[in-house]
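Please open the model in a viewer and keep the selection tool at hand.

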Amino acid sequence: MSCPRCQAPDADEAGDDSICCAGAPTQWQCDLCGKVSEGFAFPYGGCPLCGGKLVLRPPGHDARPEGAALEAVRMAFEIELGGRAFYQQAAVEAGDQAMRALFGGLAVLEGEHMELLSRRYHVEPPAPQPPFPVQRAALFAEVEHRPQDPDNLFRIAIGLEKRAAAFFAAHAAQAAAGSTEQRLYLELGAEEREHVALLTAEHARWRTGKAGLSGGRPFGDPVPAAAPQAGAPFNAAALLLAGGKPDHVALVCGDQQLTYGELRTRVAQAAAVWQARGLRPRDRVAIKLPDGIDWVVAFLGTIWAGGVAVAVNPQIPAPEWHYILDEAGFNVILAESAQDTPAPWCDRVMRVDEGRRAVAAATPVPPHAVGGEEPVFWVHSSGTSGKPKAVVHAHRFVHEIERVSRERVGITADDRLFATSRLFFSYPQTNSLFAGLKIGATVILDPQWPTAASAVATAERTRPTVFLSVPSLYRSILHAGLAPRLAAAGVRCCVSAGEALPASLRAAWRQACGLPMLDGYGASETLVLVLTAADGDDGLQPSPGVEIEPADPQAAAAGLPTRLQLRVSTLALGYLDRPLAQAETFRDGAFCPADLFLRTAGGGWRFAGREDSLVKIKGRWVNLVELEEKLAAGAAGLLEAGAVCVPDADGVDSVALFYVARDGQAEAVAQVLRERAAALPPYQRPSLLLAVPALPRTPTGKLLRRRLAELLPPPAGRPEPGP
């Protein structure tokens, strides 16, 4: 049997229902400079940095460090974050395109190195610190004059890397000989010396006029700049808006509405505004606004002008926003305010009211035609497994973006679509906005953050025929007794996606309001719902235009969980600055997510959780998603529940179940859960049942399982474990 994560042979002896995963690529460490290299072989067994002897690192050296060793990795992250922020700022302030491309490329390298550190040591990057102003960085690197001169920008960058290398060397000398922290400091110092060598070589190339990083791929583009483009040039925004009848209503938001004719004109005017501000092809524009007509016009106007549109959560916490800024280097930011945007990016903010006036006064411009593989927009993944990744999509996404909605959901131009989730999330962006516009339907927008009451009130006011939401909000609407009002408002079909839909919730929904619910599975990387299940289907079925095959056919045939390989025309180009994640997830033209699936008797697929939701307890595999459903389904007074693997009092892995109960019903719910747990096999029984006010979720509604353990009280304060 093969591992569903890496397809390596399973050496586990626990039984037929076990899975395994092979380790990382073979790692070698230089016994002279400490640099770690990954690969099967190196010429003459020598270190690629200093030529020293390479020693094979045994398994376990890449485990999460603790104590002083963990502090060493955190210091490295802070240095990398500071370096990336400096390079981004240098790119902004550089005087010519070549220098902007070079420093943008260096920022990419810092991001790639952070990804390597995160994967190697299982440590997430900390929140970014405010970057050094270029003047201050020049003093820090002992550069006295003209810090913005290209030659001095190189000298500053090299000086900063040298100081980082010296910093780690000093800490290595102070650490105990042979200790883990000394090994880490030596390794991290070697990485910084490698950066010095890279920058020195780039500086030499620049001074002699030779192409280096500055002549390589544009920053933020995961495909080569010279990739061959098949077919005639086109523009995705223009194709998206081409099918709607000019006098048919395209967008509704409160008391505002736009016809397709009006929307096309306004998008072309917005493109003129961006171009007047100096927007060039592939330049990035951040749309940091609540949902509404301004959002759609700015987003599509960016694409119409040839730029790359990036939707940003308007309520994003400041540390995450600063992280994205340092990663992306936006050319323009459209927002309600510049107050939470630090320098130098605050100078690039256009307030939405200013933008609205500029669009109204602009003369429309024709769409900028490009090849299908050109970047068109980014979507940030929801971050359930760490910091969000920027997923880069291409203009070709538009060709079949509406196919699943048209053929599987049955949407026509006569439909009115309302998605409760915000447009920075790919699920509503794709299945409501993009698909609705391509079909020529009416798309309903709501600027307020959704609640059960507000979503139903909006539906009653705007009369949608198709209602799209996530299981957590469907559950809230159901518990509030509001589901029948959706049917009375004219909704004919409900779509659920964004997280797993429990069978019990789907059945309760149908019983409460009589509306069918289409269950869907999609991802930021695929845009469309690649798997869907209508009433009567035996599990999730491949959606129209989607090819699916198990990553491990033997596991699938034996009834064991497997990852899937998904092929669809809307597949992304890849990730920004995440080459390791891209190599793992994008395989041979297919998308292979970390989610696991089981084949059903009828040939469909049933979601079996992410790899982090499949844990081994007492030598047996436990699917936390299935366990949650077994314990929580239909329990009176129970609103939601989430399970996580935690060590018990003796340090042995066990299951903890967190649950949210109605006011005053926590003890009654706990009794039901204890009774149900007692009927389970011993290895599945939770060692802890804990009532909490709410489960941690992403802004898009997905359960943050990795944060559940943080809700645990100190051992002395824990309630008695379940049976």
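Which strand order does the open sheet of nine strands have? The order is β5-β4-β13-β12-β14-β15-β16-β17-β18, with mixed pairing. Strands, like helices, are DSSP runs numbered from the N terminus (helices: H or I, at least four residues; strands: E, at least two), and two strands pair if DSSP finds at least two bridges between them. The model is a predicted one, in which local features need pLDDT of at least 70 and side-chain atom pairs count only at pLDDT 80 or more, whereas totals for chains, interfaces and linings use all residues. Residues are numbered from 1 along each chain as its sequence is written, and side-chain values use heavy atoms, with hydrogens and water left out.

**Stop 1**

Strands of a sheet pair through backbone hydrogen bonds, either parallel or antiparallel.

Next, select β4 (residues 249-253). It pairs with β5 in the antiparallel sense over four bridges. Leu 251 has Leu 258 in β5 as its bridge partner, and Val 252 stands opposite Gln 257 in β5. The two strands form a hairpin with two residues between them, and Gly 254 in the turn has a positive phi of about 60 degrees. With β13 (residues 442-445), β4 pairs in the parallel sense over three bridges; there, Cys 253 has Leu 445 as its bridge partner. Five of the five residues of β4 are buried, so the strand is largely enclosed by the rest of the structure. Buried means under 20% relative accessible area, exposed over 50%, and partly exposed in between (1.4 Å probe, protein chains only).

**Stop 2: the nonpolar cores**

Keep Leu 251 selected and display its contacts (heavy atoms within 4.5 Å). Not counting residues up to four places away in sequence, Leu 251 touches, among others, Leu 263, Ile 293, Val 296, Leu 433, Leu 437 and Val 443. Which residues touch the most other members of the largest nonpolar core? In this core of 77 residues, they are Leu 251, Leu 263, Phe 299, Leu 300, Phe 377 and Leu 437. Apart from it lies another core, of 39 residues, including Val 249, Leu 478, Leu 486 and Met 517. A nonpolar core is a set of buried Ala, Val, Leu, Ile, Met, Phe, Trp, Tyr and Cys residues joined through side-chain atoms within 4.5 Å.

**Stop 3: aromatic pairs**

The structure holds 18 aromatic pairs. Rings of Phe, Tyr and Trp (its six-membered ring) pair if their centres lie within 6.5 Å; planes under 30 degrees apart count as stacked, over 60 as edge-to-face and the rest as tilted. Select Phe 377 and Phe 397, an edge-to-face pair at 5.0 Å centre to centre, with 90 degrees between the planes. The pair links distant parts of the chain, 20 residues apart: Phe 377 is in strand β10 (residues 375-380), and Phe 397 is in the loop between β11 (390-394) and α11 (403-409). Phe 377 is buried at a relative accessible area of 0%, and Phe 397 is buried at 2%.

**Stop 4: salt bridges**

How many salt bridges does a search of the whole structure find? It finds 21, a salt bridge being a side-chain nitrogen of Lys or Arg within 4 Å of a carboxyl oxygen of Asp or Glu.

Select Asp 537 and Arg 408, whose closest N and O atoms are 2.6 Å apart in a salt bridge. Asp 537 lies in the loop between β17 (529-533) and β18 (541-542) and Arg 408 in helix α11, so the pair ties together parts that are 129 residues apart in sequence. Asp 537 is partly exposed at 31% relative accessible area, and Arg 408 is partly exposed at 25%.

Finally, select Glu 402 and Arg 406, whose side chains meet in a salt bridge (3.8 Å, N to O). Glu 400, Arg 403 and Glu 407 are linked in a network of salt bridges.
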